[in-house]
Amino acid sequence: MPAGGIDVSLGEVAASLALVVLAIAVSIWRRTELEGDIAVAVVRSAIQLVAIGYVIQAIFDEDSLLLVAGLIAVMVLFGAFTARRRARRVPHAFWPLLVALGAAGVVTLGLVVALGVFEAEPRYLVPVGGMVVGNSMTAAAVALNRLGDEISDRSREIEATLALGATATQAAAPSLRRSLRSGTIALVDSTKTTGLIFFPGTMVGMLLAGADPVDAVRLQLVLLWVLLGSVALSALIATTLAYRNFFTAAHQLREPPQP
Amino acid sequence: MLFELERVEYSRDGRQVLDDLSARLPEGVTCVAGPSGSGKSTLLRLLNRLADPSAGRVLLRGADVREREVLALRREICLVPQLPALLEGTVEDNLRFAARLAGREPDVARLLDLAGLAAGFAEREAARLSVGEQQRAMLARALALEPEVLLLDEPTSALDEAARGAVEATLLELRARVRVSIVLVTHDLDQARRMADWVVRVEDGVAVAEGAAGEILGTAG
């Protein structure tokens, strides 16, 4: 795949802040009170991306797979912490999320290397790993967020099913199905419409960097399809591990419906 | 004795719902009667271990319910909650789901008949039934397990007077056709009088009286 050659000067980066000024102006004019958040977002994005840029550069220079594994482990850890905030209604959501993100990362990267889609080099594994963990985090967070709502909103139905002698797994099955669906459907939908109403990031990046459109499209397809698998896996693992926390060992709801 | 509750305690969100409650519930039809919020529904949920007491014991024919395999216990001692909560799909789907849990093949027509529903209800979407029809579908679904005991939580509270009378008639008829004991929670003393062989009166989480229905409630009037 072509390495692409594009130079972005600091002046050009600074010039793009004009659009940030526009966003802040809209916020002030229409009193959405997002000025502060926009400013924080701009500063954080600059600091975080510059920092990760140096980290990635260091990893590329070292050419060490161990460092790649370390970086992805850190992403998984932060991803699990971040996703937990979205899954507040799920008791002890951290461990299911950590396992889900870790497994999605390991299985996905392992498969793409084993199938020969990418070589086991930091240049490929770092960006793909980042996308996989990021998308898996969103999917797991959305799925667990929905699971928390489902189990609490449908506690009467779930307990009525338990009252027949169904297991917790059987009673939670419809809620699990809907949660898994909501965790995966956003990516499925955007994959369906890709190229029609939005251009995905990798393709945009490659085109900007001067790559051949055919190459850009091929790489984008690989990434989209890889992400579908990792997102499904992550949402599946997170929901499968997390739903048990709503029940006792005796198949009772920990938070029974209000009388 | 079918059930014995021995000095049972249960609290929720810091509130003592059942407070050192002891009661006996024999075979037949027992009504657990008392005002709203007195802990009746909680008592019912302890009988098939949808909840466990924080102290005290619940005995089923002399043996602690916690010694039983909980899923098998719930298939024998089946609870129908106060508000209907059927699964997605048709009434027949719901009956088949329950029957499968007990490893049975349901006789759908007979189950519907026992619950006072016409055979045509089998194909109806559960979510599209009226509350009264759903309540009967819930009863039919519980009967699909062929339970020994039915625990009914305020089975008529969501119904108007005519529908209530019809459900009561269905339950009395059921007793004549199927060998099943019934524990029925109600706030309606007249209903207890019409239905029960035995009555346990619960107030503020304590059983204040128990005995044959005639003794506890007097005659109708």
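Some ground rules come first. This is a predicted model, in which local features need pLDDT of at least 70, side-chain atom pairs count only at pLDDT 80 or more, and totals for chains, interfaces and linings use all residues. Residues are numbered from 1 along each chain as its sequence is written, while chains are lettered from A and ligands numbered from 1 in the order in which they are written.

Start with chain A. It has 10 helices and zero strands. Helices (H or I, at least four residues) and strands (E, at least two) are DSSP runs, numbered from the N terminus. The C-alpha atoms of chain A fill a box of roughly 65 × 55 × 35 Å, taken along the principal axes. Of its 259 residues, 34% count as buried. A residue is buried if 20 or more other C-beta atoms lie within 10 Å of its own, exposed if 12 or fewer, and partly exposed in between; these C-beta atoms are placed from the backbone. Among contacts in chain A with a separation of 6 or more, 75% come from residues 24 or more positions apart.

Chain A is divided into domain 1 (1-62) and domain 2 (64-246). These bounds come from an automatic or database domain assignment. The C-alpha centres of the two domains of chain A lie 25 Å apart. Across the boundary, 10 residues of domain 1 of chain A are in contact with 15 residues of domain 2 of chain A. The domain 1 side of that contact divides into seven nonpolar, two polar and one charged. Here Ala, Val, Leu, Ile, Met, Phe, Trp, Tyr, Cys and Pro count as nonpolar, Asp, Glu, Lys and Arg as charged, and the others, Gly among them, as polar.

Now return to A:M75. It lies in helix α4 (residues 65-86) of chain A. A:M75 counts as buried because 21 other C-beta atoms lie within 10 Å. A:L111 is 36 residues apart from A:M75 along the chain, and their C-alpha atoms are separated by 19 Å.

The largest nonpolar core has 127 residues. Such a core is a set of buried Ala, Val, Leu, Ile, Met, Phe, Trp, Tyr and Cys residues joined through C-beta atoms within 7 Å. Those with the most contacts inside it are A:L101, A:A140, A:L144, B:A140 and B:L151. Helix α6 (residues 122-153) of chain A gives the most to this core, with 14 residues. Beyond its neighbours within four places in sequence, A:L101 has contacts that include A:V76, A:V133 and A:A140.

Where do the chains meet? 22 residues of chain B are in contact with 17 residues of chain A. On the chain B side, α2 (70-76), β6 and α3 (91-101) each supply at least two residues. α2(B) gives the most, with five residues. By class, this side of chain B has 15 nonpolar, two polar and five charged residues.

Look next at α3(B). Its buried residues include B:V91, B:L95 and B:L101. The cover over the buried residues of α3(B) includes α2, α4 (108-114) and α5 (131-143) of chain B. Just after α3(B), B:G103 takes a positive phi of about 65°.

Chain B also holds sheets. Six strands form an open, mixed sheet in the order β6-β7-β8-β3-β9-β10. Two strands pair if DSSP finds at least two bridges between them. The edge strands are β6 (77-80) and β10 (206-212) of chain B, each pairing on one side only. Strands β3 (residues 29-33) and β8 (residues 181-186) of chain B run parallel, joined by five bridges. There, B:T30 has B:V183 as its bridge partner in β8(B).

Four strands of chain B form an open antiparallel sheet in the order β2-β1-β4-β5. β2 (15-25) and β5 (63-64) of chain B each have a single partner strand, so one side of each is left without a neighbour in the sheet. Two bridges join β4 (residues 55-60) of chain B to β5(B). One bridge partner pair is B:L59 with B:D64 in β5(B).

Key. Two residues are in contact if their C-beta atoms, placed from the backbone, lie within 7 Å.
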